[in-house]
Amino acid sequence: MKVEELPVDERIKRVIRERGIKELYPPQAEALKSGVLEGKNLVLAIPTASGKTLVSEIVMVNKLLREGGKAVYLVPLKALAEEKYREFKEWESLGIRVAATTGDYDSTDEWLGRYDIIVATAEKFDSLLRHSPKWVRDVKLVVADEVHLIGSYDRGATLEMILSHMLGKAQILALSATVGNAEELAEWLDAALVMSDWRPVELRKGVFHLGQLFWEDGKIDRYPENWAFLVIDAVKRGKGALVFVNTRRSAEKEALSLSSKVSKLLTKPEARQLEELISSIEDNPTTEKLKRALKGGVAFHHAGLSRAERTLIEDAFRAGAIKVIAATPTLAAGVNTPAFRVIIRDTKRYAGFGWTDIPVLEIQQMMGRAGRPKYDRVGEAIIVARTEDPKKLMERYIHGKPEKLFSMLANEQAFRSQVLALITNFGIGNFRELVDFLGKTFYAHQKGDIAALEYKARNVVYFLIENEFIDMDTSDRFMALPFGKRTSQLYIDPVTAKKFRDAFPQLEENPNPFGIFQLIASTPDMATLTARKRELEDYLDLAYEFEERLYTNIPYYEDSRFQGFLSQVKTAKVLLDWINEVPEARIYETYNIDPGDLYRILELADWLMYALIELYKLFEPKEEVLQYLRDLHLRLRHGVREELLELVKLPNIGRKRARALYNAGFTTPDAIMRAKVRDLLEVEGIGIKVVEGLFKHFGVEMPGKVKEAGKKAEKARKRGTLDEFLK
DNA sequence: GTAGGAGTCTTCTAGACAGCATGTC
DNA sequence: CTAGAAGACTCCTAC
């Protein structure tokens, strides 16, 4: 189908033509002929990179130009929200305003009402719905990207509930990977279904076993025995490769070992480019390994890396500076990083209770990363058979069908949060109405009856009443209580809220960071760091040492909660070190964690600390305790002792600079404002830029001379590094 | 007595959403 | 619950 023939506004065609697209891919054409342009719901199940985004763009903009209102585009990851936001920005030339919103950005957001396309994570949109801003009524279209995540154990229920809410109120376009039961999904959504395996770049799949590469079409290529040669071969041909493994350690190990081989294939300019890349990365034990690998043009990629490093690696790989990435599954689900060749080293993964096969769906997503649309005629995806029977792998992952999706609404943790929200935020007034609503869900459609779910719902309601989240009047009508309403808006698990409330009396008696951090770490919303076996004793000792600061009893060894408790103690200790200004590098070493782990823990603790304070406000708070909690929250956010709280509020002043300033005698913002520029520059980590920022913040004019001198110094410094770099 | 090597036993394991203030992604 | 690598531990030998 030619773009010209599309039954949409001329302006849309113009934008698409400007991208250099004249002809639509067959599945795109089929999708657009399904009635979706006339308002019908659609489930589009086609491979990644086969043009789902363009279809959704056309559908969204067509809808907006014809009917006005808003389109919401749901994604599973914050990084994807950013990626889509940047892509959709292009439509601003037609006067369409695009916004992105995730937990990193804004909230209640009446201001989102000014935008036409809103990109959001599913959880964020769910949270927005609970705050019911006025513009929600204007949502005419919901695009759910990666809708197969409806089958994810911990996050599927959210997506399912959003779609249940919006079904009938807005048009729905569900974008899915290939799944076993797309028909079932389409039926539920009363949607047309378009399925296809078509890809713009041909995908060749194969299984590698002891030097033999068995292609799906029966052809066999011979290689040296080690699969690493497949990687080297790709690089030799001027292309890149992705290697998927199942542990962080493997990713690092393979990256380092491949690096020594790939490095020999690098040209001088390439090596220089990599040096530049390396110099821009912060130093810590994890990045030390990363930098070593990068010297040879290879990176590893896993959640232990910070966001900045991951983005840097992804960008450099796309640009061709990095030749190979060894990655855990992070990369398969994340932003677009196609490669000529994808090698899947592992098809099993440890799942907490043993080894399980990685689902076909996930392996196919990894394989789908093979083939770069503009550069490759064909992409290659190769599964390595190390201990597994190659025939079995071929059957399961290459010729096999992906799994069916199953509703995860009945997952207890997700379900109790959702039931609470239905009652406190979505006007569900009694049990009958609750059951009616549940009847509209994918769960109900799939199972045919909801007796089991109804039973669970009844138990949840009892739990919510018993713990005063909600109440029921004499005519059995639900009433939202402030505690329940706030819990739902804070987007925390009711069990977390209950744990907080139960601890308030003790917390009031003896407010202290360790007790509060352990409390936070004990909630189901927190991710704890696992205490390793040989650490157990240390943390038990620590727990006894700090016993009187805890708001809970130390469980006995036989108790099933024993190990979990010690993991909470470990997590609390990390947070404690953080607010006591222990340097990051030492935290990584002491607790054997990566930067990404620390970041994650801090992010969660920050969020839950806020929730704790907000809930405490509902129970006749003591002003001095409230103030204590607020200060602790700030300390947690900035990672400082109390005396630095004023300093870290200044622009560009974090925990390191604040401590340096304080130790140099600048103990208050006022002292800094009165200080001489020269004296400030003496302080470690304080350069002319920071000083300029500070003076601007204070509204004080910097002496012109000083400014000049500073700039000169800056230039000299830059030259210095350049000289060093050139020799 | 002990350094150090070989062999054996033990341990460990992927990922990542949410509030709010800030300014406006 | 179907693995596999790294690190800890043990035992032995050679000096």
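Student: Which residues line the largest cavity?
Tutor: Bear in mind that this is a predicted model, where local features need pLDDT of at least 70, side-chain atom pairs count only at pLDDT 80 or more, and totals for chains, interfaces and linings use all residues. Residues are numbered from 1 along each chain as its sequence is written, chains are lettered from A and ligands numbered from 1 in the order in which they are written, and side-chain values use heavy atoms, leaving out hydrogens and water. A cavity is a set of points on a 1 Å grid over the protein atoms alone where a 1.4 Å probe fits but cannot get out, and lining residues have an atom within 4 Å of a point. Here the lining is L74, V75, P76, A122, E123, A144, D145, E146, L149, R155 and L159.

Student: How much space lies in the largest cavity?
Tutor: Searching the whole structure turns up 3 cavities of 30 Å³ or more. Volume is the space filled by probe spheres set on the grid points. For the largest cavity, that comes to about 90 Å³.

Student: Which elements each supply at least two residues of that lining?
Tutor: The lining has 7 nonpolar, no polar and 4 charged residues (Ala, Val, Leu, Ile, Met, Phe, Trp, Tyr, Cys and Pro are nonpolar, Asp, Glu, Lys and Arg charged, the others, Gly among them, polar). Elements are DSSP runs numbered from the N terminus: helices are H or I of at least four residues, strands E of at least two. The ones supplying at least two lining residues each are β2 (70–75) and α5 (122–131).

Student: Is α5 oblique or antiparallel to α6?
Tutor: α5 and α6 (residues 156–166) pack at about 50°, with axes 9 Å apart. Angles under 35 degrees count as roughly parallel, over 145 as roughly antiparallel, 65 to 115 as roughly perpendicular and the rest as oblique. So α5 is, relative to α6, oblique.

Student: Which residues in α6 do those of α5 meet?
Tutor: Contact means heavy atoms within 4.5 Å. From α5, A122, E123, F125, D126 and L129 take part, and in α6 they meet T158, L159, I162 and M166.

Student: How many charged residues are in the contact of α10 with α11?
Tutor: α10 (residues 268–279) and α11 (residues 285–295) pack at about 170°, and are therefore roughly antiparallel. L274, E275 and I278 in α10 meet K291, L294 and K295 in α11. By class, this contact has 3 nonpolar residues, no polar ones, and a charged count of 3.

Student: Which residues in α26 do those of α20 meet?
Tutor: The axes of α20 (residues 482–489) and α26 (residues 595–616) come within 10 Å and cross at roughly 160°. That makes α20 roughly antiparallel to α26. F483, R486 and T487 in α20 meet Y610, E614 and L615.

Key
Axes are lines fitted to C-alpha atoms, for helices over the stretch in contact, and angles run from 0 to 180 degrees between N-to-C directions. On a 1 Å grid over the protein atoms alone, a cavity is a set of points where a 1.4 Å probe fits but cannot get out, and a pocket is an open set with protein on both sides within 12 Å along at least five of seven lines; lining residues have an atom within 4 Å of a point.
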